[in-house]
Amino acid sequence: MDLILCHQSADFDTLGAAVGAARLYPGARIALTGGSLPGVQEFLALYRDEFPLIELRSVDPRQVQRWIVVDCHDPARLGKAAAWLSVPGAPIEIFDHHLRDPETPPDCFWPQQQVTCHIEAVGSTCTLLVERLRAAGIPLSPFERLALALGIHMDTGSLTFPETTARDAAALSWLLQQGVNLVLLRRFLGDGLTPETVSYTH
């Protein structure tokens, strides 16, 4: 199987990017490598079953045919999962919007592996996945659209952070055209779940 790794203390950008990657690589599973931010915890408490998540303790690294790392390229952010990637075998594919230090490219972390990097200067890693999903004409479920939209909103400050690009705006616009649930989007962008939100989702 292909395994998608989110960085520790998962935020919405890494979760959304992982959700997008799971659509781009059919059959891939998503593993959180250690904890998540409160908003992500609330989101997954409601929608966990909508995504192909797998517990880290259930992973047999010998069965992984390809590693897909989203929203980071530094193994220090992957916890114990970083050791799995250092063992020669399955290739590694990286999607990230954090520009790397040119003196320490990601393939230096795993010199014995085949490493393919998609690291670009956009505001959100979700943008990189949305662009590929859109180009491939891959349909998304309401929950997948919501996760990707939350990732772009959170990491671009709703398109206001200095790192935001026109590509982020275009990716978010496409998701809105596909039908993002704006009620849930607004609630998760706010102070967390309210009784109104909980009742709306059931």
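Reader: What makes you say that β4 is mostly covered?

Author: In this predicted model, five of the five residues of β4 are buried, where buried means under 20% relative accessible area, exposed means over 50% and partly exposed lies in between, with a 1.4 Å probe and protein chains only. Both faces of the strand are covered, with I92, I94 and D96 buried on one side and E93 and F95 buried on the other. In a regular strand the side chains alternate between the two faces of the sheet.

Reader: On what kind of values does this rest?

Author: The model is predicted, so local features need pLDDT of at least 70 and side-chain atom pairs count only at pLDDT 80 or more, while totals for chains, interfaces and linings use all residues. Residues are numbered from 1 along each chain as its sequence is written, and side-chain values use heavy atoms, with hydrogens and water left out.

Reader: Why are β2 and β5 said to stand at the edges?

Author: The open sheet has five strands in the order β2-β1-β3-β4-β5, with parallel pairing. β2 (29–32) and β5 (115–119) each have a single partner strand, so one side of each is left without a neighbour in the sheet. β2 pairs with β1 (residues 2–6) over four bridges, and I4 has I30 as its bridge partner in β2.

Reader: What makes α1 largely enclosed?

Author: Of the 13 residues of α1, 11 are buried, so the helix is largely enclosed by the rest of the structure; among the buried residues are F12, L15, V19 and A22. Helix α1 (residues 12–24) packs on the sheet and touches β1, β2, β3 (66–70) and β4 (92–96), contact being heavy atoms within 4.5 Å.

Reader: Why is the contact between E55 and R48 called a salt bridge?

Author: The term requires a side-chain nitrogen of Lys or Arg within 4 Å of a carboxyl oxygen of Asp or Glu. The N to O distance for E55 and R48 is 3.0 Å, so the pair falls within the cut-off. E55 has a relative accessible area of 36% and R48 one of 32%, and therefore both count as partly exposed. By this rule the count comes to eight salt bridges.

Reader: How do you know that E120 belongs to a network of salt bridges?

Author: E120 meets R132 at 3.6 Å, N to O, and its closest N and O atoms with R167 are 2.8 Å apart, so both pairs are within the 4 Å limit. The network links E120, E131, R132 and R167. E120 lies in the loop between β5 and α4, whereas R167 is in helix α6 (residues 166–178), 47 residues apart.

Technical notes: Pairing = 2+ DSSP bridges. Helix = DSSP H or I, 4+ residues; strand = E, 2+ residues; numbered from the N terminus. Axes fitted to C-alpha atoms, helices over the stretch in contact; angles between N-to-C directions.
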